[in-house]
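Welcome! Have a look at the sequence and the 3D structure below, and then we can walk through some of the features together.

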Amino acid sequence: MSAATPLPQERRLVTAIPGPKSQELQARKLGAVAAGVGTTLPVYVSRANGGVLEDVDGNSLIDFGSGIAVTNVGNSAEAVVAKATEQLAAFTHTCFMVTPYEGYVAVAEQLNELTPGDHDKRTALFNSGAEAVENAVKIARAYTKRTAVVVFDHGYHGRTNLTMGLTAKNMPYKQGFGPFAPEIHRVPVAYPYRWLTGAENCAAEAAAQAIDIINKQIGAENVAAIIIEPIQGEGGFIEPAKGFLPAIVEYAKANGIVFVADEIQTGFCRTGQWFACDDEGIVPDLITTAKGIAGGLPLAAVTGRAEIMDAAHAGGLGGTYGGNPVACAAALGAIETMKEQDLNGKAQRIGEIMLGRLSALQEKFADSDSVRIGEVRGRGAMIAVELVKPGGKEPNAEATAAIAKACHAEGLVVLTAGTYGNVLRFLPPLVMPEHLLNEGLDILENAFATV
C-alpha cells in the first residue's frame, strides 16, 4: 500500500498488541534510546490519518490521544502536507534571526488575529511548549522589572529546568532533576471535584486563598507573571470553577502583573473554541501555544500585548530553529484546515457524544465494588473521567492503569493523567469519524467491565 493510499477509517487487529514487529523495534529501542524516554504503548506506527494509527504489523488502532493534543487536524492533513512539501522543496532553514522569510511573519499575523483580544499584538516563534513558557517568563520579567512567578497546584508547564520548577507534579517530571530555578511560588487552584467545602464555594474561596498567599508570602509588587492553564492538562483536565480565572485576571491587572495563559494543550479548536480562554471571555496579556499549532510539526509561540512583547531587547528572543520555515508552512496549512472544516464545531460535536456516553458509563458503574467514575469533565474534544475507589473520592490509580491497558489490547489508544494518576483523558483528532468515536467508547465501556 503506497503512502498516498487513503488509510481506511476502521479498527483492525491482525496480531496481539503489540505485534511481533513492534516487539522487535521495542527491543531495538531499549538498546539505543535512553531509558528515561518512556513509551505509553509500544506499537510502532507506520502510517496515520483521520482517527486511526496503523502499526508496522498491519494493525489499525483508534486514536484517542492525538499525540497528546498535537494532531487536532489529523495526521497528514492535506493542506499541511501540501504547504510543508512545497516549503521543503524551496528551503528547509535559514534561521529567521539571520535571513528571515515570509512564513514566520504570516504565522505571527494569524496568531495575532486569532488569539483573544483585539489589542495590538506581537508574536515570537519557538520550538516547543516548554520553550514558549520560558520565553513568556523572560518577556514578563523584562516588562515588569520584577522576578517572582506564580503558578498553581496541579499545573504542568514543561520539562526544562525552569518549567519543571513551574510544574506541580513530582513523578515523573521532576524527581531527581533539581535544584530548580528560584522565585517560583505555587498557590491553590479551583478544583471543583476535590474542593473540601464543595464545588459551589470553589471559585471564590480558591481565588481568595491564592490572592492571600501572593499578598502575604510574595508581595504583589514582586510578581512578574501569573501563569495558568485555562484547563489543566497533565494535572487531569481540571477545569477551574467558573469565576476563578476572571478573579485572578482582575487581580493581576490591578497589580501590574502579566497574566499568562498556557494554552499549549487547550489551543487550536481543542475545546470547541479557538482557545479555552474564550469560554469566560478571558483576555490574557500573553498566551503560549504549541502542540496543535502545526499539524504535527514542532512549533510554538508566545503572543501578547505589543507593549509587553516588545519589552525584550533586540536579540533577547530567538533560537536557531525557532519558527522553522517548514513548520511555519505546516501551521498555515493547519489553521486553514481548522477554518475550512469548522473544527471548533467538530470538537463541540465530539464533546456532546463523549460527555453523553461517559455520563451513562458513570451511572452504569455507580454501584461497582471495584471502580467508579467520580467525575466526567471537560469541554469539546478535551474530555476526562476521574476514577475513584468505591465509597468516597480516594483516587484509584490502579484501576485507571488497568482500564488503559485493556483498551490498548483492543486497539484503542488512551492516555492517563492526573496528579494522583487516576484520570483517563481523551483527545481524539477533531477530524475523527463518529463511528470510530463510538466504537472507541464501546471498547472503553467493555474495559470497565473487566476491572
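## Two helices side by side

Angles under 35 degrees count as roughly parallel, over 145 as roughly antiparallel, 65 to 115 as roughly perpendicular and the rest as oblique. The axes behind these angles are lines fitted to C-alpha atoms, for helices over the stretch in contact, and the angles run from 0 to 180 degrees between N-to-C directions. This is a predicted model, in which local features need pLDDT of at least 70 and side-chain atom pairs count only at pLDDT 80 or more, while totals for chains, interfaces and linings use all residues. Residues are numbered from 1 along each chain as its sequence is written, and side-chain values use heavy atoms, with hydrogens and water left out. Helices (H or I, at least four residues) and strands (E, at least two) are DSSP runs, numbered from the N terminus.

Let's start with helix α7 (residues 199–218) and helix α8 (residues 244–254), which pack at about 30 degrees with their axes 9 Å apart. α7 and α8 are therefore roughly parallel to each other. Their crossing is right-handed; a crossing gets that name if the near helix is turned clockwise from the far one by less than a right angle, and is left-handed if anticlockwise. Contact means heavy atoms within 4.5 Å. On the α7 side, Ala203, Ala206, Ala207, Ala210, Ile211, Ile214 and Asn215 meet Phe244, Ala247, Ile248 and Tyr251 of α8. By class, the residues of this contact are ten nonpolar, one polar and no charged. Here Ala, Val, Leu, Ile, Met, Phe, Trp, Tyr, Cys and Pro count as nonpolar, Asp, Glu, Lys and Arg as charged, and the others, Gly among them, as polar.

Which way do α3 and α10 run relative to each other? The axes of helix α3 (residues 78–90) and helix α10 (residues 325–340) come within 7 Å and cross at roughly 155 degrees. That makes α3 roughly antiparallel to α10. The crossing of α3 and α10 is right-handed. Among the residues in contact are Ala79, Lys83 and Leu88 of α3, along with Val326, Ala330 and Glu336 of α10. Sorted by class, the contact of α3 with α10 has ten nonpolar, three polar and two charged residues.

Helix α12 (residues 397–409) and helix α13 (residues 434–450) pack at about 130 degrees, with axes 9 Å apart. α12 and α13 are therefore oblique to each other, and α12 passes α13 in a right-handed crossing. Ile403, Ala406 and Cys407 of α12 meet Ile443, Leu444, Ala447, Phe448 and Thr450 of α13. This contact divides into seven nonpolar, one polar and no charged residues.

## The nonpolar cores

A nonpolar core is a set of buried Ala, Val, Leu, Ile, Met, Phe, Trp, Tyr and Cys residues joined through side-chain atoms within 4.5 Å. Buried means under 20% relative accessible area, exposed over 50%, and partly exposed in between (1.4 Å probe, protein chains only). The largest core has 123 residues, and those with the most contacts inside it are Phe64, Ile226, Phe244, Phe259, Leu358, Leu444 and Phe448. Beyond residues up to four places away in sequence, isoleucine 226 touches Val150, Phe152, Ile214, Ile248, Tyr251, Ala252, Ile257, Val258, Phe259 and Val260. A second, separate core of eight residues includes Ala69, Met382, Ala384 and Val423.

## Backbone features in the loops

Most residues other than glycine have a negative phi, and most peptide bonds are trans. Lysine 145, in the loop between α5 (129–144) and β5 (148–152), has a positive phi near 60 degrees. At 69% relative accessibility, lysine 145 counts as exposed. Histidine 154, in the loop between β5 and α6, has a positive phi near 75 degrees. Histidine 154 is buried, with a relative accessible area of 13%.

Another runs from glycine 178 to proline 179, with omega near 5 degrees, and proline 179 lies in the loop between α6 and β6.

## A buried proline

Proline 428 sits in the loop between β15 (423–426) and α13. Proline 428 is buried, with a relative accessible area of 0%. Leaving aside residues up to four places away in sequence, proline 428 touches Asp63, Phe64, Ser66, Arg270, Ile350, Met354, Ala381 and Leu437.
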